[in-house]
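Subject: Structure for you to look at

Dear colleague,

I am handing over the structure below, and my notes on it follow. Please read them with the coordinates open beside you.

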Amino acid sequence: MAGNEAVGIFSRLLSYCGCYETDGKVPAQVALSIAGKPKALQQVVAVGLVQHLPSGDYYIRDYAHYNFLRDELDEKRAIAKRNGRKGGLAKARRGASDVA
């Protein structure tokens, strides 16, 4: 069972992934900085919340199942941008016809 410290580390690792859109991967140095000590990070690995990758980095298990991946976020942003542009153009057309 994960204790309060492990849950805090896991939460901060999740926040890092969301902020930098890493698709669940956390560089080793960042993970160690968040955990403060290797033993604390190992506890998070031991309970199965995080995997230690052969590269030395860490990966949040099932990240893609519960969070959007970078490609998905990029697609959502592109759709929002297109829709916003359409709405802005429509509003501009309406405004131009009101003036004329």
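How many bridges join β1 to strand β3, and in which direction do the two run relative to each other? In this predicted model, β1 and β3 (residues 58–60) are joined by 2 bridges and run antiparallel, and within that pairing Lys25 stands opposite Tyr59 of β3. The two strands belong to an open sheet of 3 strands, ordered β1-β3-β2 and paired in antiparallel fashion. Its edge strands are β1 (25–26) and β2 (50–52), each of which pairs on one side only.

Turning to the helices, α1 (residues 4–20) packs against α2 (residues 28–35) at an angle of about 140°, the axes lying 9 Å apart. Since angles over 145 degrees would count as roughly antiparallel, the two helices are therefore oblique to each other, and the crossing of α1 past α2 is right-handed. On the α1 side, Ile9, Arg12, Leu13 and Tyr16 meet Val30, Ala31, Ile34 and Ala35 of α2; the residues of this contact comprise 7 nonpolar and 1 charged, with no polar ones.

Tyr16 also takes part in the aromatic pairing, of which the structure holds 1 example: Tyr16 and Tyr20 form a tilted pair, with 4.8 Å from centre to centre and 45° between the planes. Because these two tyrosines, Tyr16 and Tyr20, are 4 residues apart in helix α1, about one helical turn separates them.

Terms used
Residues numbered from 1 in each chain as written. Predicted model: local features only at pLDDT ≥ 70, side-chain atom pairs only at ≥ 80, totals over all residues. Heavy atoms only, no water. Axes fitted to C-alpha atoms, helices over the stretch in contact; angles between N-to-C directions. Parallel < 35°, antiparallel > 145°, perpendicular 65-115°, else oblique. Left-handed = near helix turned anticlockwise from the far one by under 90°. Contact = heavy atoms within 4.5 Å. Nonpolar A, V, L, I, M, F, W, Y, C, P; charged D, E, K, R; others polar. Pairing = 2+ DSSP bridges. Phe/Tyr/Trp six-rings, centres within 6.5 Å; stacked < 30°, edge-to-face > 60°.
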